[in-house]
Amino acid sequence: MRRVILLLTLVTWSWLSAGAQQSGSASQDLSAMSIEALMNVQVTSVSRKSEPLSRAAAAITVITQEDIRRSGATSIPDLLRMVPGLDVAQMDSSTWAISARGFNTQYATYMLVLVDGRTVYDPTFNGVRWDAQDTILEDIDHIEVICGPGTALWGQNAVNGVISITTKKASQTQGGLVTVAAGNLQTPETAVRYGGEAGSKGHYRIFGKYFDRQEQDLASGAPASDGWASRRIGFRGDWDLTKRDSLTILGGGYEDVEHHLENVIISLVPPVQEVITVPTHSNGADFLVKWQRTFSDRSDMALQAYHNHTDTRDITYGERRNTSDIDFQHHVAIKSRHDLVWGLGLRYTVDDTSGSFQTSFSPRVDHNATFSLFAQHEIVLLPNRVRLVWGARFTQDNYVGAEIQPDARLLWTPSLNHSFWLAISNPTSEPSFFSKSVRFSQMVFTGPGGVPGVAVVLGSPDFRGKNALALQAGYRGKLGQRLSVSAAGFYSRYDGLLSTSPGAPFLETDPAPPHLVVPIFLQSATPGETHGLETTGTWQVSSRWRLAASYGLFLIGLRGNLPATSTGTSPQNQFQIHSYLNLPRNWEWDAFVYETGKLATDNIPAYTRVDTRVGWRFAESASLSLVGQNLLQPRHFEFGTSSGNINTTQVRRSGYAKLTWTF
Amino acid sequence: MDVLRLKQRVLPGVASLRVYERLFAVMILSAYTISAPRVAAQSDLGEYDVKAAFLFNFAKFVDWPDASFADARRPIVIGALGENPFGDGLDRIVAGQTVKGRTIRIDKYRFGDDLRACHILFISESEQAHVPKILASLQGANVLTVSDIDGFAKGGGVVQFVLEENKVHFVINLDSATRAKLKINSKLLALAQVIGTK
């Protein structure tokens, strides 16, 4: 109740102060102001970024560099917490589960994640190794997040959402940047970048980053020995070759040493299984070239090619994956009513695995080639009022053969400040290498007659992806010059959710001693449906103070037998409020409250997370920020252990100081 | 017991409520102390109030050919095309004002109207799809075209507003100004980001 009263006070006060500003003779004063003075007036506006969004028929959120800087986040996953409708749960120091609209797990399988146009979800699990996705956060231009299907235009795997990270052009990162952060989780975390001119027509930057993240906590509160050290380098070059052609070349490499708590089978006699700390070594490298040509105001094209290499190994399992991809895209506007984007791409990926009794793949080596063709046609049905966007993606690969994924959206813009949209999509998820080929020993036990037994999860060669039908409706609007709101509701039906079915036990002699295998087959047979809504509001209270709030509701229903592990991993309710305050003398104070509902799987209780940041730009080229995270509790769980292959640890209360210097 | 459980379900983390109540209270207080002097100084204005003031200022810093006025007593016409983002802000700013001995008149237009009688024409974002047609229809006319639309100046418009760190700045396409036979005062050019050859 007290909270309600306080909120009402807040609303009333701000209403009064806003009224006071408008009731004055502002207009007459303005006409007397010189043009130089006008140029220095701070104006309030519900951010420019919402304007292109008002034309999008999707639940889209854009994280800007300003949002990134002020969030105090030290990793890309932590940045994504601010996106309405996205579940972000930290599992241990270097592991996150991130998904939109349900089905969250360590490798949430229905999300497409792109970094500068390069697809980074791992086909082994069709999930993302978030520990491997990093850069200097200051060099990110923006992150677009779409909740809901995006397979037709964005690419495969975008059954429930798309996360697209775009870094700044090299011309926007000229000169030097050094950041150093230290705190109870950060032993000095350092990033260095330098950018300059590359010939007369282009620019480059190079960067390096190092950190050694400290351990989180066990359930008991003792250190979890899940530390994470990471080194990373990268570069980017952009050239305007002619008035019509531009070229981008970027790449990088990283090396990580992480520790995870894993449930490992130590021996078969007597059956022994223990939770031990498993060091994991991983490294990777990527290289991308993109050529863009503008033919005219109405027509342009892009040709892009990349190669991606990742190598991950621990005592139970290792894999080395190489992926090459080439994509072409052409956009043409036809008369004033039609806009067409089409493209085609070819991707080839090879994974070479090495296994153990704990985890192995059969076949050991995975090859997959995917051909993809998409087209999207936008028709203006009523100028400035009604647009129809329809399209489809056709894919052909070694796993499931040919598939087509259609999508249609209608956008109605009754006025500049209001837009309503409807969407119907039929995306399909791809089976992963894991779901077709894994052999994972889950548990050992003493069977009948003292014979050791092993429960083994087995992939099915005939595993097919799930087919989904998603209906969405949304509204986005600006109410005056200070308030913007959005709401999206969805209903999705899935016909083949992941489930398991037990098989007939059999005796295995290798490795010795002879043991009983109880197979558990992975299958995609369970139908289910989800629905929910995401609402957001941004209120520019004054030129110095912005408030943003969001609420997400998610409900799931299943028809059939689905293990609880895959249904209760997303919270029913999520609420957030962010406050961004500019103080005099270049001080900033930002505060974030996240309320996350409980997770049924593993009974993870609801938690409230409060982060805050104080920033001070004390010189033209230098600033200091103090950040506190998870301030309310000393530690809390954000995710359970039973739906992943690691044992989750508790996220600690933390704080750090960061110095940023540009030259 | 049941009531308590219900409360916990409705408000997860009841125990922690107090902490952010306090947080809100501090936010309100600090914002109030910051806002109070600012309200008095009226430095916190709507984007389109300021843009309206810029349109009025442009009238002072641009010279039109004599032929664009029928006689010395005719007003300077500022046209607003499409959905009006100014409210009555534009009318209020020019009310009772004169520039170079001329009064100022505000005319509202819709797409398809003859726009050649304007001296300054503000094109609303609602007309984004029509910009090429609008500019083509103004060829040879002495009209200072102004808009917020992305790429407007590059696409042949004369003045484009841009927001930089919540301040209104503008881009001038000098080629477009020259084609419209408009003389832009060098002070205005000095404050603008100029594109096009001189």
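Residues are numbered from 1 along each chain as its sequence is written, and chains are lettered from A, with ligands numbered from 1, in the order in which they are written. In this predicted model, local features need pLDDT of at least 70 and side-chain atom pairs count only at pLDDT 80 or more, whereas totals for chains, interfaces and linings use all residues.

**Figure 1. Overall form of chain A.** Chain A contains seven helices and 36 strands; helices (H or I, at least four residues) and strands (E, at least two) are DSSP runs, numbered from the N terminus. Its C-alpha atoms fill a box of roughly 95 × 55 × 55 Å along the principal axes. The radius of gyration of chain A, 26 Å, agrees with the value near 26 Å for a compact globule of 663 residues; the radius is taken over C-alpha atoms, and the globule rule is 2.2 Å times the number of residues to the power 0.38. Of the 663 residues, 44% count as buried. A residue is buried if 20 or more other C-beta atoms lie within 10 Å of its own, exposed if 12 or fewer, and partly exposed in between, with C-beta atoms placed from the backbone.

**Figure 2. The open five-stranded sheet of chain A.** The strand order is β2-β7-β8-β5-β6, with mixed pairing; two strands pair if DSSP finds at least two bridges between them. The edge strands, β2 (59–64) and β6 (118–119) of chain A, each pair on one side only. Within the sheet, β5 (residues 111–115) and β8 (residues 161–167) of chain A run parallel over five bridges. A:Leu114 has A:Ser164 in β8(A) as its bridge partner.

Figure 3. Strands β25 (residues 468–479) and β26 (residues 483–502) of chain A are joined by 12 antiparallel bridges, and A:Leu471 stands opposite A:Tyr491 in β26(A). The hairpin formed by β25(A) and β26(A) has three residues between the strands, and A:Gly480 in the turn has a positive phi of about 80°. β26(A) also pairs in the antiparallel sense with β28 (residues 515–542) of chain A, over 18 bridges. There, A:Leu483 stands opposite A:Trp539 in β28(A).

Figure 4. Most residues other than glycine have a negative phi, and most peptide bonds are trans. The bond from A:Ser362 to A:Pro363 is cis, with omega near 0°; A:Pro363 lies in the loop between β18 (359–361) and β19 (365–382) of chain A. The bond from A:Ala512 to A:Pro513 is also cis, with omega near -5°. A:Arg585, between β30 (573–583) and β31 (587–596) of chain A, has a positive phi near 55°. A:Arg585 counts as exposed because it has 7 C-beta neighbours inside 10 Å. In chain B, B:Lys100 has a positive phi near 50° and counts as exposed, with 10 C-beta neighbours inside 10 Å.

Figure 5. Chain B comprises seven helices and 11 strands, and 36% of its 198 residues count as buried. Its mean pLDDT (the predictor's confidence in each residue, from 0 to 100) is 78, and 76% of its residues reach 70 or more. Over residues 27–43 of chain B the pLDDT is below 50. Where pLDDT is low, the predicted coordinates should not be read in detail. The model scores ipTM 0.72 and pTM 0.80.

Terms used
Contact = placed C-beta atoms within 7 Å.
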